[in-house]
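Please look over the sequence and the structure shown here, and keep them in view while reading the paragraphs that follow.

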Amino acid sequence: MSAEIVTKVQDMLKEATWTRAAIGNYTKNNLIELSEIIEKAKAENCTAEIKAICDEQLSHTKDSIIALYISGILGLKQGNLDNSNLVTLVDIFQKNYKEPVVTYLCETILDIDPNNKFALRTLADIYRAANDPKAWALYEKIVKIDVEEAEIAKILSEHYEAEGDVKNAVAYCKKALLRFVYANNMTALKETWAKLVSMIPDEIDFFLLVQRKVEKSISAEKSALLLHDLYPYYKENAPSDPKKWDIAIQILKIILRIDPKDYWARNEIAACFQGKYAKNPNVNDFIASSNLTQNFRNVFEAINDFEKHIAFGVKNFVYHRTWGVGIITKVENDNLFINFGRKNGVKQMSLKMAVSALQPLARDHIWVLKATKSKDDLQKLFKDNRDKTQALKIIIKSFGNSCDFKRIKSELVPSILTPGEWTSWNTAAKKTLETTPIFGVNPNNINEYIVRDAKISTEEKLSNEFKAEKQFTPRADVFMRFFKNEEADKDSEFFMDMYNYFKGFVKGAHQANEQVVASYLIVQKVGALMPSLAVQLNYTFEQLYRDIDNPREMYTLLKDTKNTSFQADFLNQIKLLPDWVDQYIELFPTVLSKKMLNEVIENGDTEKVQKLAVKVFENFRDYRNAVLFFFEECQDDAWFKQSGISYQKQLITIVNLIDQAYREIENHVDTTENKKIIKNAIKLIFDGENAYANYMLSCDMDTMTHLYTLVDDIVNLEGIYKQALRNRILSKYPDYKFRAKEEKTNAPKGMLVTKAKLDEKKALEAKMTTIDIPAIAKEVADAKEKGDLKENAEYIAAKEAQHKLNNDLNRLQGELARAVIFDPTTATTSMVSFGTEVVLTNNATGKDEKYIIMGPWESDPDAGIISYMSPFGNAILDSKVGEKLEFTINEHENDYTVKSIKLAK
């Protein structure tokens with residue numbers, strides 16, 4: 001059957017002649033017949049042969065309709081990016097006015113590739129020429145999938161404006177404007193800018209965003225020209241809306257930053273100042289004295305002078321670094337009279353001095369509020385109000401509309417909030433900043449927040465956060481947060497700007513580093529869920545993966561965040577490779593995933609997993625975490641039990657791991673990682689039910705001794721673990737004799753304490769830190785305000801109390817750092833030790849004396865509780881029943897015999 005199809009196509013190609021008359025006779029049915037041939041070829045698995053025949057025909061007959069159609073459609077079905085054959089075919093039919101055929105051909109292409117931009121555009125143009133409203137849906141799709149398409153966005157804007165749909169008209173006009181920026185098409189850009197100025201002149205944030213993009217990608221001078229067109233609206237409407245004076249001045253400042261010699265802008269900013277401060281009788285004098293309109297003076301120095309002079313009017317607030325906040329009560333000639341409150345009184349200062357010594361403050365500045373309002377009023381505003389919006393607006397605007405949490409805290413604690421109240425306030429404030437549309441991140445500093453009068457869109461908030469982040473991984477997290485946010489507009493230019501950042505890595509890749517791999521994973525994920533944004537690359541993941549020098553290291557370098565899953569995505573891509581099982585085996589010691597092992601086993605490769613486990617235990621120094629993983633996660637799995645790794649070998653291997661880790665710590669090698677290894681290993685075999693002890697006691701005497709000796713030989717291992725093993729041995733073999741060096745208790749480094757006492761001391765530390773220290777600091781501050789410190793007895797007493805409290809806190813924190821919780825399960829009555837009650841016979845008097853051995857914190861000599869670290873406690877420590885003790889403390893001879901030892905209650 002396939003031979004018949006091949007022969008039929010060959011015959012059709014021989015018979016076909018290209019003439020204008022032949023083209024004129026072509027109908028949709030002819031193309032349908034060719035489509036049926038393609039389907040038959042597909043069923044007979046001979047499409048490659050058919051395509052090759054058509055391609056050969058086109059090599060010498062470029063206008064063969066049959067060859068163009070069959071080759072083009074087959075290439076499209078195979079995912080080829082080159083659709084030039086179909087473009088040529090459409091061009092032939094268009095030139096011969098065969099619109100129905102062109103329509104069918106485009107619809108056929110779109111059935112195979114719904115995002116084929118050529119077919120969409122051609123079909124949309126046909127519909128539009130025929131006044132078919134279906135054209136607009138196609139144009140919208142083109143604008144959505146082709147992020148560089150600006151002209152059609154402009155056409156859509158004009159269409160919706162004519163329809164009276166202002167929202168869509170504005171949206172598409174914005175898209176067109178931003179895309180003209182990317183295309184550096186200044187002529188179209190200027191025209192579209194003017195259109196938007198007439199439609200949405202009040203959206204100043206958007207216009208300033210475009211201005212910055214033009215300045216960055218085209219030229220600063222051309223961006224200033226755009227502002228020249230925007231400025232008149234704000235100046236003309238400022239008299240009826242005074243806030244517009246500030247925006248007009250802001251626009252002029254940008255123009256002057258770009259061109260400080262723009263004389264027109266200098267005169268205009270002077271005029272705006274005259275309009276804004278029309279009620280101030282000195283406004284013209286200040287403009288003149290600052291030389292604002294004179295080109296010989298630096299324009300921004302002149303503006304700064306003017307703004308400071310105009311700020312020093314009666315009833316305005318100022319700040320002095322020594323006297324604090326004051327209010328100007330009188331201005332005479334060039335002298336200011338400023339009331340700095342009861343403490344500092346009224347100060348006189350020349351205007352010239354004020355310009356350099358004082359900082360003007362707005363009436364709603366946080367410092368002004370703190371100086372003029374009662375504490376009750378401040379707490380109502382900042383503490384009691386559940387909505388933190390107003391409080392945050394006040395503080396952020398007080399500091400140049402850019403403020404971090406360190407500054408916010410310093411303004412509120414302890415003057416308005418206590419340290420304890422700050423914790424809950426801080427949590428609520430952060431939620432407000434994240435969810436309230438008027439707040440956003442400073443694009444130049446990720447730690448600082450800004451506030452606007454108008455709402456900041458979700459898209460712009462995320463875009464600003466993306467720009468503020470300077471590192472790749474945090475940027476990836478922000479982008480994926482944007483991508484996952486169902487309410488965020490993925491068609492926005494903000495999204496595309498961020499997406500292009502990652503596309504840049506994969507398109508310009510020269511080496512397979514972690515940023516290229518992570519970007520590849522992002523682009524693949526976005527393309528899978530949004531096919532219109534799929535990126536066609538000239539390499540596959542397999543090619544990228546083979547260029548990675550160390551896949552295990554790459555897995556580690558792919559850092560996951562709250563919104564990214566690079567490591568899982570990396571493994572998913574690897575599983576598509578033909579040798580994925582071998583790659584999983586190689587990666588496992590780093591990934592440590594039970595899911596990976598199960599997938600390999602389900603694939604029928606159990607033996608490879610068993611060989612991996614054997615390799616891990618035989619080479620435990622290179623696979624330490626994998627040893628611990630197998631022991632904890634795979635102990636009960638049938639495949640692991642059949643791997644030939646005995647339980648005894650597993651335990652001994654882990655003991656050797658602990659020993660190796662301690663040795664490396666002594667040599668200052670990977671200290672943090674080794675401490676983690678030790679902690680996890682001890683938890684597995686010594687903590688809880690003590691798996692090591694249980695197995696050790698199930699063995700014969702020689703094996704038990706060998707297993708115990710392995711542990712005892714680890715010099716730096718905490719004594720409580722060795723003691724626990726000894727206690728278990730003695731419980732089964734009371735007469736067991738340990739080596740001489742084991743007769744002394746291996747006291748842990750630090751200071752043994754009970755858990756109850758540790759909790760008590762931690763509570764005391766918390767109280768001293770959060771209550772006592774702030775309270776004494778306030779006492780010192782209050783006493784300091786009462787005059788001469790040398791004669792101020794209250795201040796001196798407060799400072800002494802503060803010094804003592806700080807010393808007490810330092811001492812307590814030092815003890816807490818050394819504290820080690822005593823494990824009651826390690827207590828033993830075989831010798832005097834922590835947690836035992838001992839009866840001693842005083843050989844000098846013949847009387848019995850009872851003592852409970854505890855730590856320094858629990859010590860109470862009057863109640864017979866002594867510290868094991870005290871001279872007396874240390875002297876009797878480790879002694880056994882019947883042992884005679886003679887020792888001297890403070891020149892006093894002591895002579896005792898140990899009568900009995902039992903666990904303290």
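This is a predicted model: local features need pLDDT of at least 70, side-chain atom pairs count only at pLDDT 80 or more; totals for chains, interfaces and linings use all residues.

Aspartate 547 counts as exposed because its relative accessibility is 54%, and exposed means over 50%.

A patch of positive charge is also found on the surface, and there Arg212, Lys216, Lys467 and Lys470 gather. Among them, lysine 216 belongs to helix α13, which covers residues 204-217, and with a relative accessibility of 77% lysine 216 counts as exposed.

Charged side chains also meet in pairs, and the structure holds 44 salt bridges. In one of them, glutamate 39 is joined to lysine 77, with 3.7 Å between the closest N and O atoms. Because glutamate 39 lies in helix α3 (residues 28-43) while lysine 77 lies in helix α5 (residues 65-77), this pair ties together parts that are 38 residues apart in sequence. Both partners are described as partly exposed, glutamate 39 with a relative accessible area of 42% and lysine 77 at 40% relative accessibility.

Another salt bridge is the one in which the side chains of lysine 235 and glutamate 268 meet, at 2.8 Å from N to O. This pair links distant parts of the chain, for lysine 235 is in helix α14 (residues 220-237) and glutamate 268 is in helix α16 (residues 263-276), 33 residues apart.

Elsewhere, salt bridges that share partners join Asp202, Asp241 and Lys244 into one network.

Strand β6 (residues 439-442) and strand β7 (residues 445-451) run antiparallel and are joined by four bridges. Together β6 and β7 form a hairpin, with two residues between them, and asparagine 442 stands opposite asparagine 445 in β7.

Finally, the backbone deserves attention. Most peptide bonds are trans, and most residues other than glycine have a negative phi. Against that background, the peptide bond from valine 413 to proline 414 is cis, with omega near 5°, and proline 414 lies in the loop between α24 (405-412) and α25 (419-435). Asparagine 690 is not a glycine, and yet asparagine 690 has a positive phi of about 55°. Asparagine 690 is placed in the loop between α39 (671-685) and α40 (691-697), where asparagine 690 is buried, with a relative accessible area of 8%. Aspartate 878, although not a glycine, likewise has a positive phi, of about 75°. Aspartate 878 is found in the loop between α45 (871-876) and β13 (884-889), and because buried means under 20%, aspartate 878 counts as buried at 12% relative accessibility.

How values were computed
Residues are numbered from 1 along each chain as its sequence is written. Side-chain values use heavy atoms; hydrogens and water are left out. Patches are made of residues with over 30% relative accessible area and no salt bridge: like charges are joined within 9 Å, nonpolar side chains (Val, Leu, Ile, Met, Phe, Trp, Tyr) within 5 Å. Accessible areas come from the Shrake-Rupley method with a 1.4 Å probe; for residues, only the protein chains shown count as cover. A salt bridge is a side-chain nitrogen of Lys or Arg within 4 Å of a carboxyl oxygen of Asp or Glu. Lys and Arg count as positive and Asp and Glu as negative; His and the chain ends are not counted. The place of a charge is taken as NZ of Lys, CZ of Arg, CG of Asp or CD of Glu. Buried means under 20% relative accessible area, exposed over 50%, partly exposed in between (1.4 Å probe, protein chains only). Two strands pair if DSSP finds at least two bridges between them.
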